[in-house]
Structures are given as structure tokens and as C-alpha cells.
Amino acid sequence: MKRIRKALDRAGKHFEPGARFEKFYPLYEALDTIMFTPASVTKDGVHVRDGLDSKRMMFTVLQALLPCLLFGMWNTGYQTHVMVEAGGALLDNWQSDLFLWFGLEPDPESIGACMLHGAIYFVPIFLVVQITGGICEPAFAIIRKHEVNEGFLVTGALIPLILPATIPLWMVALGTAFGVIVGKEIFGGTGMNFLNPALTARAFLFFAYPAYMSGNIWIAAEAPDGVSSATWLASYAEGSGHLDGLDWMDAFLGVVPGSIGETSTLAALIGAGVLIFTGIGSWRTMVGVAIGTFVTGYGLNLIGSTTNPMMELPVHYHFVIGSWAFATVFMATDPVSSAFTQTGKLIYGFFIGVLGIIIRSLNPAYPEGMMLAILFMNMFAPLIDHFVIEANKRRRARRYARA
């Protein structure tokens with residue numbers, strides 16, 4: 001490490017003010033500070049001394065995402081191998097060669113085979129996201145003459161997990177660029193955005209290319225004509241109106257079709273434990289979403305419908321299907337775009353739950369409503385905080401008036 005430190009120090013002279021590569025200092029600073037503690041300190045004014053900086057916080061979130069990432073890769077391979085075993089899909093020649101090279105077969109019972117096939121589809125998506133973000137972030141840092149923000153560490157991990165396995169890579173690049181630029185950079189970068197960049201990317205791709213985002217996402221191989229494998233939530237919303245094809249425990253564990261990292265409620269709960277224990281994710285926001293989901297789902301059950309099966313869906317299924325758990329844990333708790341006040345977090349989360357179930361149940365064109373609900377409430381988070389603060393000020397004024 002000492003040799004790396006000395007090499008960085010020697011290179012750093014070329015990026016100092018007035019040096020040859022001055023304008024590219026943000027690139028050097030990003031590499032330097034991601035490996036070592038920054039050498040610069042606050043010289044005046046009161047400031048807080050804390051061991052948790054932005055990079056450490058981002059890396060903690062990445063650790064919380066690991067269960068969803070690993071399970072998502074396994075489930076991608078598992079769902080594909082189930083179709084291959086049933087004769088509903090065929091492996092491409094290069095995929096067959098790759099399996100032979102590793103001494104594996106496309107067997108849904110083989111963890112290694114499922115992980116390998118999942119990696120075949122996850123890794124290229126992940127790399128495209130990182131490359132695209134790695135171009136956009138430094139470009140804006142150079143233009144604005146500030147350091148490269150750490151925010152993309154998490155955004156770059158979230159985007160691959162909320163996309164279907166078979167989305168074309170050029171769409172991944174386009175959606176990532178849109179999410180980073182329109183969702184964050186034009187508002188000033190990390191800490192200044194009021195929209196979640198990862199959700200902005202997904203919303204753009206959904207409305208621009210809906211067939212690729214909500215179509216037959218699990219045909220991750222060459223499929224014969226007529227084969228269909230839509231997500232369970234989409235099939236149910238389209239009118240199947242029965243739960244025969246879905247076991248609650250399977251949905252809780254995540255052994256169901258869906259976007260790469262969103263299917264497992266259990267994996268998301270493990271991540272929630274990490275975020276709550278470290279104080280990075282707000283349990284108030286998560287509880288608010290759960291309460292809003294239960295109240296709205298149970299209310300729709302009481303109303304009932306003979307034409308809309310989603311209104312008849314038992315409320316406990318809402319917690320384990322679609323992206324509910326992943327969105328609640330990792331998206332709704334985004335510390336930048338969510339509410340800041342403690343009471344505001346409960347209110348903010350509650351209305352995400354309400355809107356998510358309303359969109360999911362009453363809008364046949366969009367059976368998954370959590371992502372849109374969070375983006376919608378992102379815009380109202382500052383207003384919620386404003387009213388909470390004003391209420392606190394009025395309460396204090398009355399208390400001091402009595403004293």
C-alpha cells in the first residue's frame with residue numbers, strides 16, 4: 001500500500017493547479033480517495049468529526065445489496081434452466097460451449113450452473129452501467145471543476161438489479177445516462193437531486209420501451225415461437241385471477257420471475273437489517289410503506305371487484321410480489337430524495353405504500369406501482385418536511401407562550 005501511496009503522490013503533482021493535467025484533477029481525486037483517506041481537512045469553522053463519510057456509507061449500502069445481487073443471479077439462471085428443462089427454451093451455441101468449458105449442464109438443481117447462467121446476463125448489464133456512469137460522472141465533474149461524487153457507487157449497483165435479464169445492452173446504456181444526467185447531474189449532482197437516479201432510469205426505459213421492461217423477461221435463451229413467460233404479477237393483473245400458480249413462500253424467497261434483483265423479499269429484509277443497524281436506512285420510512293400498503297390493500301379487499309382481480313388479491317401477497325420489498329428497503333429510504341424529518345419519513349413512506357398499491361391494483365397498464373409511487377413522493381418530500389417543521393414551530397410557540 002505504501003508503494004501505491006507514493007505512486008499516487010508522484011502522479012498527483014501533474015494534476016495540481018497550474019499543472020499540465022489540472023482540468024482532470026477530479027479523475028485523480030476519485031482514484032485517490034476511493035483507496036485512501038483524503039488528506040484535506042476543514043481548516044476553520046465548526047464541523048462534525050465522524051468516521052462515516054460518503055464513501056463508507058455507499059460501501060455499506062453495497063454490502064446490504066449483496067444478498068439481492070447473489071440471489072438475483074441464481075434466480076435468473078434457475079428460471080431459465082426450468083424453461084430449458086421443460087423444452088420451452090434453447091441455449092445459444094456459445095452458451096452451451098461455456099457450460100461445457102466449466103463442466104456444467106443447464107440444470108435447475110445445480111447452484112453453480114444457475115449462478116453461471118445468471119452471471120452471463122447480469123455481468124454485461126453491470127459493466128455497461130458502470131462504463132456509462134463512469135463516463136457521465138467524471139465528465140460533469142470536469143465541467144463543474146469539482147470532485148467525482150460517490151453517489152454512483154450505489155446507483156450503479158441498483159440499476160442492474162431493477163432491470164430484466166434480457167434487456168438490450170444499448171438500452172441499459174441509454175437508461176443509465178438518462179438517469180444520471182436528468183435525474184441527478186442537471187440538479188447539481190449527488191446530494192442535490194430530488195429524484196432517485198436509478199428509478200429515473202427505470203421509469204425512462206419503461207415508458208420508452210415498455211415491451212422490453214415488462215414483456216417476456218425470462219426467456220434468457222433462444223426460445224421457440226409461441227413461448228411466453230411473463231412475471232406472475234403481470235399475468236395475474238391481466239386477468240388470471242387465481243393464486244394457483246404462486247406459493248406465498250416461493251414469492252417470499254424470490255423463486256419467481258421478475259427483474260434480476262427484485263424478487264426475493266428475504267434477501268431485501270437481510271439488506272434492511274444491515275441498513276437499519278448501521279443507521280443508514282430509516283426504519284420509519286420502511287414501516288410507513290408497510291402501513292400504507294396494508295391499509296390500502298385491505299381496503300381494496302373490502303371493496304372487492306368482479307372484474308379486477310388485483311382488488312381481490314389478499315393483502316399479505318402484496319408484501320412479497322413484484323418489487324415491493326426491494327423498493328421499500330433500497331429506494332424509498334434514499335437519504336437524498338426522501339423526507340428528512342422523523343415524522344416526515346413516516347408520512348412519506350405511508351403515501352408510497354398507498355400510491356404503490358393504488359397504481360398496482362387500479363391501473364391495468366402498469367401492474368407494478370412501487371417505482372412510480374416513490375418517484376411521485378420524491379417530489380413531495382420537501383413539502384412534507386416543510387409542513388412538519390412548521391407544525392413543530394407552532395407547537396413550540398404555544399409551549400413557550402404558556403410558560
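Trainee: At what angle do α13 and helix α15 (residues 324-331) pack?

Mentor: This is a predicted model, where local features need pLDDT of at least 70, side-chain atom pairs count only at pLDDT 80 or more, and totals for chains, interfaces and linings use all residues. Residues are numbered from 1 along each chain as its sequence is written, and side-chain values use heavy atoms, leaving out hydrogens and water. Helices are DSSP runs of H or I, at least four residues, numbered from the N terminus, with axes fitted to C-alpha atoms over the stretch in contact and angles running from 0 to 180 degrees between N-to-C directions. The axes of α13 and α15 lie 9 Å apart, and the packing angle is about 150°.

Trainee: Which residues of α15 meet α13?

Mentor: Contact means heavy atoms within 4.5 Å. On the α13 side are M286, V289, A290 and T293, and their partners in α15 are W324, T328 and V329.

Trainee: How do the axes of helix α5 (residues 111-144) and helix α7 (residues 169-183) cross, and at what angle?

Mentor: These axes come within 9 Å. Among the residues making the contact are V128 and E137 of α5, and V172 and T176 of α7. The axes cross at roughly 35°.

Trainee: Which residue is joined to K184 by a salt bridge?

Mentor: A salt bridge puts a side-chain nitrogen of Lys or Arg within 4 Å of a carboxyl oxygen of Asp or Glu, and the structure holds three. K184 sits in the loop between α7 and α8 (197-208), with its partner 47 residues apart in helix α5. At 2.4 Å, N to O, that partner is E137.

Trainee: Which helix gives the most to the nonpolar patch?

Mentor: Patch residues have over 30% relative accessible area and no salt bridge, with nonpolar side chains (Val, Leu, Ile, Met, Phe, Trp, Tyr) joined within 5 Å; areas use the Shrake-Rupley method with a 1.4 Å probe. This patch covers about 820 Å² and includes I276, W283 and L346. I291 is found in helix α13. With seven residues, the top contributor is helix α13.

Conventions: Helices (H or I, at least four residues) and strands (E, at least two) are DSSP runs, numbered from the N terminus. Patches are made of residues with over 30% relative accessible area and no salt bridge: like charges are joined within 9 Å, nonpolar side chains (Val, Leu, Ile, Met, Phe, Trp, Tyr) within 5 Å.
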